[in-house]
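The sequence and structure are shown first.

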Amino acid sequence: MMITELIDQDDFRAQLQAWGLAEAGRLSLADCRPLLALLLVGPDGDLWRERLQALLAKRELLHPEVLALVEGCLG
């Protein structure tokens, strides 16, 4: 059986940075929530929704705190 590391807070913030959200590296996970909420209602909301839903497709690999944040953002 292969053990896979969970996608933790640092990994999640690195992914946000890779998607163009440069300030994510300086933010706590809690600080990312309001920023993501704004992005989801902004002009690129559909794109951000797709990205977060892609992460949810890997829910078994998400750290519980990251999972809760993504689920909370997608409502």
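## Helix packing and core

The buried residues of helix 2 are Leu29, Cys32, Leu35, Leu36 and Leu40, where buried means under 20% relative accessible area, exposed over 50% and partly exposed in between (1.4 Å probe, protein chains only). These residues pack against helix 1, helix 3 (45–56) and helix 4 (64–74). Helices (H or I, at least four residues) are DSSP runs numbered from the N terminus.

The model is predicted: local features need pLDDT of at least 70, side-chain atom pairs count only at pLDDT 80 or more, and totals for chains, interfaces and linings use all residues. Residues are numbered from 1 along each chain as its sequence is written, and side-chain values use heavy atoms, with hydrogens and water left out.

Helix 2 contains 13 residues and spans 19 Å from its first C-alpha to its last, close to the 18 Å expected at 1.5 Å a residue; the expected span is 1.5 Å times one less than the number of residues.

Helix 1 (residues 9–18) packs with helix 2 (residues 29–41) at an angle of about 35°, and their axes are 11 Å apart. Axes are lines fitted to C-alpha atoms over the stretch in contact, and angles run from 0 to 180 degrees between N-to-C directions. From helix 1, Gln9, Phe12, Arg13 and Leu16 meet Leu29, Cys32 and Leu36 of helix 2, contact meaning heavy atoms within 4.5 Å. The residues of this contact divide into five nonpolar, one polar and one charged.

In the largest nonpolar core, which has 20 residues, Phe12, Leu16, Leu36, Leu52 and Val70 touch the most other members. Such a core is a set of buried Ala, Val, Leu, Ile, Met, Phe, Trp, Tyr and Cys residues joined through side-chain atoms within 4.5 Å. Helix 1, helix 2, helix 3 and helix 4 are the elements that give two or more residues to this core. Not counting residues up to four places away in sequence, Phe12 touches Ile7, Leu29, Leu36, Leu52, Leu55, Val66, Leu69 and Val70.

Pro34 is found in helix 2 and Glu65 lies in helix 4. Pro34 is partly exposed, with a relative accessible area of 48%; Glu65 is also partly exposed, at 41%. Leaving aside neighbours within four places in sequence, Glu65 is in contact with Gln9 and Leu29. The table lists one pair for each of these residues.

| Pair | Sequence separation | C-alpha to C-alpha distance |
|---|---|---|
| Pro34 and Cys73 | 39 residues | 8.6 Å |
| Glu65 and Leu29 | 36 residues | 8.4 Å |

Definitions and conventions:
Nonpolar A, V, L, I, M, F, W, Y, C, P; charged D, E, K, R; others polar.
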